[in-house]
Amino acid sequence: MLGTDPAGKGGIASVVTLLGEEGFLDQQNVRYIASHREGTPFEKVATMLLSTWEVLWYCIFARPVIVHVHSASHASFIRKSIFLAIGRFFRCRTVFHLHGAEFQHFATKESGPLLKWWIRRTLERSSKVLALSENWAVFLSIYAPAANIQVSPNSVEIRAQSKQ
């Protein structure tokens, strides 16, 4: 599983932190790789290069069954689409877990023809695309008709309330 450093900010970091705290990652034998972290441009590039090396190493030697990425828009999408392509090359199932609230604008307005093609290809070649809401699923099914889309709302932590 790949995504933002859990110590970082944003929805992806929150979800991954919760998955770790609730024991899901350990119970399911998930290796989490941070492909992005806050910092200088050099630190961000170094994190991307290191995570790419880790994905290659795991795909070659550990042979994961699934490569699951948490993605937003822009650079996040580019990074994650590369990881998914590596996973597909090594015959892993792939899960594209979309978190980016601006993804529709990114995919339809900000992207040129080549990037639109790559976005559509990434979605349609993923074994599963997870959308956080029905509205996102509708957009994705129109944008990438061959994509295998499932709605999976963000998890939330429910703490036991003590009676007063």
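How many of the 6 residues of strand β3 are buried?

1. Strand β3. This strand, residues 66-71, is mostly covered, with 5 of its 6 residues buried. The structure under discussion is a predicted model, and the remarks below should be read accordingly.

2. Confidence. The chain has a mean pLDDT of 92, and 94% of its residues reach 70 or more. Among the elements of the chain, helix α6 (residues 113-125) has the highest mean pLDDT, 98, while the lowest, 86, belongs to helix α1 (residues 11-21).

3. Pairing of β3 with β4. Strand β4 comprises residues 93-98 and pairs with β3 in the parallel sense, over 6 bridges. Within this pairing, Val67 stands opposite Thr94 of β4.

4. The loops on either side of α4. His74 is placed in the loop between β3 and α4, and Arg91 in the loop between α4 and β4. Both deserve a look at the backbone, since most residues other than glycine have a negative phi. The phi of His74 is positive, near 60°, and that of Arg91 is also positive, at about 65°. What is the exposure class of each residue? His74 counts as partly exposed because its relative accessibility is 40%, whereas Arg91 is exposed, with a relative accessible area of 76%.

5. From β4 to β5. Strand β4 also pairs with strand β5 (residues 128-131), in the parallel sense and over 3 bridges. Here Phe96 has Val129 of β5 as its bridge partner. Val95, another residue of β4, counts as buried because its relative accessibility is 13%. Val95 and Leu132 are 37 residues apart in sequence, and their C-alpha atoms are 13 Å apart in space.

6. From β5 to β6. Strand β6 (residues 149-151) runs parallel to β5 and is joined to it by 3 bridges. In this pairing Ala131 stands opposite Val151 of β6.

7. Salt bridge between Arg37 and Asp5. The count of salt bridges comes to 2. In one of them, the side chains of Arg37 and Asp5 meet at 3.4 Å, N to O. Arg37 lies in the loop between β2 (33-36) and α3, and Asp5 in the loop between β1 (2-4) and α1, so the pair ties together parts that are 32 residues apart in sequence. Arg37 counts as partly exposed, at 31% relative accessibility. Asp5 counts as buried because its relative accessibility is 19%, and burial requires a value under 20%.

8. Salt bridge between Glu54 and Arg31. The side chains of Glu54 and Arg31 also meet in a salt bridge, at 2.6 Å, N to O. Which parts of the chain does this pair tie together? Glu54 lies in helix α3 and Arg31 in the loop between α2 (24-27) and β2, so the pair links parts that are 23 residues apart in sequence. Glu54 is buried, with a relative accessible area of 17%, while Arg31 counts as partly exposed, at 40% relative accessibility.

9. Nonpolar surface patch. Which residues form a nonpolar patch on the surface? The patch is formed by Leu50, Trp53, Trp57, Ile60 and Phe61, which together have about 580 Å² of accessible area. Phe61 is placed in helix α3, which spans residues 41-62. Phe61 counts as exposed because its relative accessibility is 58%, and the exposed class begins over 50%.

10. Tyr58. Helix α3 also holds Tyr58. Tyr58 is partly exposed, with a relative accessible area of 25%. Tyr58 and Pro6 are 52 residues apart in sequence and 20 Å apart in space, C-alpha to C-alpha.

Conventions
Residues numbered from 1 in each chain as written. Predicted model: local features only at pLDDT ≥ 70, side-chain atom pairs only at ≥ 80, totals over all residues. Heavy atoms only, no water. Buried < 20%, exposed > 50% of the residue type's maximum accessible area, 1.4 Å probe, protein only. Helix = DSSP H or I, 4+ residues; strand = E, 2+ residues; numbered from the N terminus. Pairing = 2+ DSSP bridges. Patch = residues over 30% accessible without salt bridge, like charges linked within 9 Å, V, L, I, M, F, W, Y side chains within 5 Å. Areas by Shrake-Rupley, 256 points an atom, 1.4 Å probe, with all protein chains shown as cover. Salt bridge = Lys/Arg side-chain N within 4 Å of Asp/Glu carboxyl O. pLDDT = per-residue confidence, 0-100.
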